[in-house]
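Please look over the sequence and the 3D structure shown here, and keep both in view as you read the report that follows.

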Amino acid sequence: MLTRDVGVQIEASQNGERPPADLPGLSHQLDYQKPSTQFMLEMFNILQKGIPLARAAGRKRNTVNFRKADTIRSFPAKDITQKIVRKRVELSFQIPDLPKNEHLRLAEFRCKRSTSPSKKNWVKVIIFKGPNIARKVYMRVQAITQGEYWVFDISRAITAWFSDYKGEPFSIHIEIAGTSSNTPSQTTPKTQGYLLVFYLENRDFLKRLLNTYKVEEHLAFGRLGNVASRGKRSVRDIKRGGQQKNRRWKKSGKKQVCRLYDFEVDFTTIGWGQWIIHPTRFNSKFCYGNCPSPIDMRLKPTNHAMLQSLMRRKRSNVAPAPCCVPTKLEPLSMMYLEDGEVVVRHHEDMIASECGCR
């Protein structure tokens, strides 16, 4: 089952403590002091509570772009130049080569409220491809407040150019007014108070990931698993209860009426554990069982399934029985590790919650 108290565990990890056991791989791969990591973990924690993405990002209106976005990426500033005379700062953000099929819905620049004197500001955005300027926009932006951040929506400076993006690394320079009196401590990097956040759409991410799945690696993992199973019983076998009861679906004999069963998806077993941070496993559930004739209305049959069932009562060979399938599915938010940064993806239709005959 999806862990609901992960936020408390993550907050403890940000303070330098060792990550919990159910978030493997984090201790040696993530820098918890990095602002982009902290921001992504906070966003993931909020989304876990079922809060819409727009609200999680501090917006009052759930716009179409937020509803379509299912992927969040954040980038820390890599370099900063302070222009003392004009009291402005220029920041550089390095963007790695992103998947070509990702569509940018929104882009925002976040800065700590202590680093900028005003929430209404002129912002200069310059996109570089190598040493060449690809786009330059000078815009006045009304920022919103979210916690310790000013949030500037700079989507119109980037989205149009991003629509022709070819999947190559690029950099974005942002110039904004800053407080020259704000001097970071020696232990805090000057760039720590600045973030660039992308909200993207990539509906077919898991389908494309499946296409890259290598059958030979899966078979090799299966052989290793068979060897291990001959020794000590695994922890999974020791855990009784729901999983033991779940085995009833495949026992010989008469099938039960269509219903939900527990079903643990383990990403390490699949071979995706290296880049999926959380959850490493979850209860996806599945539907299995008979669809009786006539169909019980509690199984929410379609008109087609009802007629198919009635015809089978008169002519059993005229068509197969209606199928027991999920009629309601729930989404799942997941954290990935890509290019050393945490990426949050929100996947629809991941957990079966109701079954019916179709």
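## A buried strand and its surroundings

Strand β17 (residues 341–357) is largely enclosed by the rest of the structure, because twelve of its 17 residues are buried. Here buried means a relative accessible area under 20%, exposed means over 50%, and partly exposed lies in between, with a 1.4 Å probe and protein chains only. Helices (H or I, at least four residues) and strands (E, at least two) are DSSP runs, numbered from the N terminus. This is a predicted model, in which local features need pLDDT of at least 70 and side-chain atom pairs count only at pLDDT 80 or more, while totals for chains, interfaces and linings use all residues. Residues are numbered from 1 along each chain as its sequence is written, and side-chain values use heavy atoms, with hydrogens and water left out.

Two strands are said to pair if DSSP finds at least two bridges between them.

| Partner of β17 | Sense | Bridges | Residue pair |
|---|---|---|---|
| β1 (residues 71–76) | antiparallel | three | Arg73 opposite Val343 |

Turning to the helices, the buried residues of α6 (residues 155–162) are Ser155, Ala157, Ile158, Trp161 and Phe162. These residues cover an arc of only 160° around the axis, which puts them on the same side of α6; the arc is that of the directions from the helix axis to the C-beta atoms. An α-helix has 3.6 residues a turn, so residues three or four places apart point the same way. The buried residues of α6 are covered by elements including β4 (103–112), β5 (120–129) and β6 (132–142).

Helix α3 (residues 35–48) has 14 residues and reaches 20 Å from its first C-alpha to its last, close to the 20 Å expected at 1.5 Å a residue, where the expected span is 1.5 Å times one less than the number of residues. Eleven of the 14 residues of α3 are buried, and the helix is thus mostly covered; among the buried residues are Phe39, Met40, Leu41 and Phe44. After α3 comes Gly50, whose phi is positive, near 85°.

Finally, Gly273 is found in the loop between α11 (267–270) and β13 (276–278), where Gly273 is partly exposed, with a relative accessible area of 33%. Leaving aside residues up to four places away in sequence, Gly273 touches Phe267 and Thr268, contact meaning heavy atoms within 4.5 Å.
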